[in-house]
There are 2 protein chains.
Amino acid sequence: MSINYSISDLAAEFNVTTRTIRFYEEKGLLNPAREGNRRIYRPADRTRLRLILRGKRLGFSLDESAEIVLMYGSPGNNRRQLERLISRIREKRIGLQQQQEDLTVMLEDLQDAEKKCLAAFGELGQKRPAETGN
Amino acid sequence: MSINYSISDLAAEFNVTTRTIRFYEEKGLLNPAREGNRRIYRPADRTRLRLILRGKRLGFSLDESAEIVLMYGSPGNNRRQLERLISRIREKRIGLQQQQEDLTVMLEDLQDAEKKCLAAFGELGQKRPAETGN
DNA sequence: AATATAGTTTACGTTAACGTAAACGTAAGT
DNA sequence: ACTTACGTTTACGTTAACGTAAACTATATT
């Protein structure tokens, strides 16, 4: 009831299992504090988890997500590191923009497919499902 | 040099291995004609492959992609099938719209991350990578 | 005829991302 | 003291999506 969360708090909130959260820790994606033996998650950990899951929804691997998570932290101070980081960021952006295109196209196609379906219903001449807002 | 393609034509064009293409066939996602023993791909097969790969880039499983591919074909004629199809399409759309949100947010975040990096460069006071158009 | 090039089937190997289960600890409620 | 709820570590199992290799066929080129 404070600023912190238990493992099952997070599991419930993000609809994943505790196993998943521990697995992410094994992979080094999370680093919760400990209170004795128990894991205790600070808001920052929660944010990291949200980023990881967002990455997943976008089709990134956990390693890729890890990289992204790192990008949000302090950029570090090594010049070489920074350069690598920037080019990775730009690569990611290219990929994401490709995804945006894919998405647009696919949404249009689905629109078409649905219209075809509704038309087919029309020929059956019966009560048909409601139209979609978009 | 006609309207058709060999397996390695497609492999080259879409930058996948022939193994991958045969694998998709095993899964029932492709059904090329045969000329003797050899697979021979018509334009329709090529389109299907493109759809599958687009699905992949969007993080769909092959089975999901298969479903999508089916949606583009003839909607069939069975009423029950049509209804199932329409609701699947709508579900997909929900998912894709969620992805669009995720994408937007992540692109903004990457923007921020890059700025941070560039700022860090500023403090190193050296030749820094060029700014990005967007 | 021999080599090269593209194709075929069959089958075992691999990696990522968890699931599932065993065996145990701890703190709260009855 | 017993049960219930929540947590822990360790370890083996599983599924998807191919990779890799073996053993073979067919066509074309040198």
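Tutor: One term before we start: a polar contact is a pair of N or O atoms within 3.5 Å; within protein, one must be able to donate a hydrogen and the other to accept it, and residues adjacent in sequence count only if both atoms are side-chain atoms. Keep in mind that this is a predicted model, where local features need pLDDT of at least 70, side-chain atom pairs count only at pLDDT 80 or more, and totals for chains, interfaces and linings use all residues. Residues are numbered from 1 along each chain as its sequence is written, chains are lettered from A and ligands numbered from 1 in the order in which they are written, and side-chain values use heavy atoms, with hydrogens and water left out.

Student: OK, DNA first. How far is a polar side-chain atom of A:S8 from a phosphate oxygen of DNA strand D?

Tutor: The distance is 2.4 Å.

Student: How many residues surround DNA strand D, and which are the closest?

Tutor: There are 19 residues around DNA strand D, and the closest are A:S8, A:R22, A:R39, B:T17 and B:Y24. To count, a residue needs a heavy atom within 4 Å of the strand. Of the atoms of DNA strand D that come within 4 Å of the protein, 71% belong to sugar and phosphate.

Student: And which element gives the largest share of the surface near DNA strand D?

Tutor: Helix 2 of chain B, with four residues. From chain A, helix 1 (7-14), helix 2 and strand 2 (38-40) each supply at least two. Helices here are DSSP runs (H or I, at least four residues) and strands are too (E, at least two), numbered from the N terminus.

Student: Now DNA strand C. Which of the residues around it come nearest?

Tutor: Out of 18, the nearest are A:T17, A:L62, B:S8, B:R22 and B:R39. The side chain of B:R22 puts an N or O atom 2.8 Å from a phosphate oxygen of DNA strand C, and A:T20 has a polar side-chain atom 3.4 Å from a phosphate oxygen there.

Student: Switching topic: what pattern does chain A follow along the sequence?

Tutor: It reads α-α-β-β-α-α-α, with five helices and two strands in total. Of its 134 residues, 37% are buried, meaning under 20% relative accessible area, whereas exposed means over 50% and partly exposed is in between (1.4 Å probe, protein chains only).

Student: Which residues touch the most other members in the largest nonpolar core?

Tutor: A:L96, A:M106, B:I21, B:Y24, B:L49 and B:L96, out of 54 residues. Such a core is a set of buried Ala, Val, Leu, Ile, Met, Phe, Trp, Tyr and Cys residues joined through side-chain atoms within 4.5 Å. Helix 4 (62-72) and helix 5 (79-124) of chain A are among the elements that each supply at least two of its residues. There's another core apart from it, of 17 residues, including A:L10 and A:F14.

Student: What is B:L96 in contact with?

Tutor: Beyond its neighbours within four places in sequence, B:L96 contacts (heavy atoms within 4.5 Å) A:L103, A:M106, A:L107, A:L110, B:L58 and B:F60.

Student: Is B:R54 buried or exposed?

Tutor: B:R54 counts as buried because its relative accessible area is 10%. It sits in helix 3 of chain B and, leaving out residues up to four places away in sequence, touches A:D102, A:V105, A:M106 and A:D109.

Student: Last one: where is A:N15 found?

Tutor: In the loop between helix 1 and helix 2 of chain A. A:N15 isn't a glycine, yet its phi is positive, near 60°, and the residue is exposed, with a relative accessible area of 70%. In chain B, B:N15 also lies in the loop between helix 1 and helix 2, with a positive phi of about 60° and a relative accessible area of 69%.
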